[in-house]
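Here are my notes on the model you asked about. Please keep the structure open while you read them.

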Amino acid sequence: MTLLRFKTLLRQSLAVCGLLGAAVVQSQAQPAYPTKTVTIVVPYPAGGTTDVLARLIADVLRKQGGQPVVVENQSGAGGSIAGRRVITAAPDGHTLLMTSSGINAVTPTVYKEFKPLEGLTQVSVLVDVPFVMVVGKKFPVQNLPDFIAYAKQRPGSVTIGNVSLGSHGHLAQLLFDKAAGVNLIPVPYRGSTPAINDLLGGQIDGMIDNVSVQKPFIESGKVQALFVTSRQRSDVLADVPTAKELGLPFESMAWFGLAAPRNTSPEIVKALRDMVAAGFKDKEQRQKLIQAGLTPVFGTSAEANERVKVESRTLGDLAAALNLPRN
């Protein structure tokens, strides 16, 4: 064998070894996932916003991961039953929780055995959920500056409905009270429908609720929107200003996300988040979220975990002060 031939063979062998080594490193960095059916546990009954979002996520994961994905609704105890089920599941990324700002910040103040900070790792904040404050069409004032002035002149007399005691909408109202220097009376209901009925009937003065729920009532002229609680205007209520636009330094948004058991490997968490984010690059899929009044986020796991920590101190402390009852 000539020296030239030997050098050529040596270079080829080294190149093959390099490719094999890179393949090994890549397989270590990106573990096979998913390898079996993925279960997404939804802590609310079927049909709500969280359930609809979970089914969109499931559809994306099926296409991206090539494995079956099932959605199971397990409601009760403020989401803590579903949450504890996922906390105790195998940390392999095949049992996931549809989570939210309320479940992470509010539920642990009532169900102290539920510890999401200790038991879960956040995969991603999927979407932000902006609220809108509305008042009845017969309410004496129909814009935010006049509303604040009216409420200041009549402390403790203006009633604002919310979907439940301790809901994010309820907490948003309390934060609004502080920012605006008013004292509104919160009126909790069991869901949006009975609150809206009372608002339309004049039994309550206003309401803070999800943009998507209030959109048809705003557009039909049955209620008057004062402002949205998000940093920017909502795509589905583009004519409604933010509080900051109107001179009030206030914002508060709920969110829905995806979480896994605490000890799930960072590689699986990243693979899961990347699959979901990739699936929602599709314009049609993103438009489904926007039309539902949701703002796509799909942030990183680190960003989601940090957001939970911050809100556990802010919203969590506010909720704890309410001494909310178990239900």
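The points below go from the whole chain to single residues.

1. Basis of the note. This is a predicted model, in which local features need pLDDT of at least 70 and side-chain atom pairs count only at pLDDT 80 or more, while totals for chains, interfaces and linings use all residues. Residues are numbered from 1 along each chain as its sequence is written, and side-chain values use heavy atoms, with hydrogens and water left out.

2. Overall build. The protein contains 13 helices and ten strands. Both are DSSP runs numbered from the N terminus: helices are H or I with at least four residues, strands are E with at least two. The C-alpha trace spans about 100 × 40 × 30 Å along its principal axes.

3. The protein has 327 residues, and 48% of them count as buried. Buried means under 20% relative accessible area, exposed means over 50%, and partly exposed is in between, with a 1.4 Å probe and protein chains only. Among contacts with a separation of 6 or more, 75% come from residues 24 or more positions apart; a contact means heavy atoms within 4.5 Å.

4. Surface and charge. The accessible surface is about 15,500 Å², and carbon and sulfur atoms account for 55% of it. Such areas come from the Shrake-Rupley method with a 1.4 Å probe, and for residues only the protein chains shown count as cover. There are 33 positive and 25 negative side chains, and the centres of the two sets are 6 Å apart. Lys and Arg count as positive, Asp and Glu as negative, and His and the chain ends are not counted. Each charge is placed at NZ of Lys, CZ of Arg, CG of Asp or CD of Glu.

5. Aromatic pairs. How many aromatic pairs does the structure hold? The number is seven. Rings of Phe, Tyr and Trp (its six-membered ring) pair if their centres lie within 6.5 Å; planes under 30 degrees apart are stacked, over 60 edge-to-face, and the rest tilted. Phe 227 and Phe 250 make an edge-to-face pair, with 6.2 Å from centre to centre and 85° between the planes. Phe 227 is in strand S8 (residues 223-228) and Phe 250 in the loop between S8 and strand S9 (253-261), 23 residues apart. Both Phe 227 and Phe 250 are buried.

6. A stacked pair. Why do Phe 280 and Phe 298 count as stacked? Their ring centres are 4.9 Å apart and their planes are at 20°, so the pair is stacked. Phe 280 is in the loop between helix H11 (266-279) and helix H12 (283-291), and Phe 298 in the loop between strand S10 (295-296) and helix H13 (301-320), so the pair ties together parts 18 residues apart in sequence. Both Phe 280 and Phe 298 are buried.

7. An aromatic cluster. One cluster is formed by Phe 139, Phe 147, Tyr 150, Phe 176, Phe 227 and Phe 250. Arg 154 lies over the face of Tyr 150, at 3.9 Å from the ring centre. A charge sits over a ring if NZ of Lys or CZ of Arg is within 6 Å of the ring centre and within 35 degrees of the ring normal.

8. Backbone points to check. Most residues other than glycine have a negative phi, and most peptide bonds are trans. The peptide bond from Tyr 33 to Pro 34 is cis, with omega near -10°. Pro 34 is in the loop between helix H1 (3-29) and strand S1 (38-42). Phe 298 is not a glycine but has a positive phi of about 55°, and its relative accessible area is 6%. Asn 323, in the segment after H13, also has a positive phi, near 50°. Asn 323 is exposed, at 66% relative accessibility.

9. Asp 128. This residue lies in strand S4 (residues 120-136). Is Asp 128 buried or exposed? Asp 128 counts as buried because its relative accessible area is 10%. Asp 128 and Trp 255 are 127 residues apart in sequence, yet their C-alpha atoms are 4.3 Å apart. Beyond its neighbours within four places in sequence, Asp 128 is in contact with residues including Met 253, Trp 255 and Arg 307.

10. Leu 144. Leu 144 is in helix H7 (residues 144-153) and is buried, at 2% relative accessibility. Neighbours within four places in sequence aside, its contacts include Phe 176 and Phe 227.
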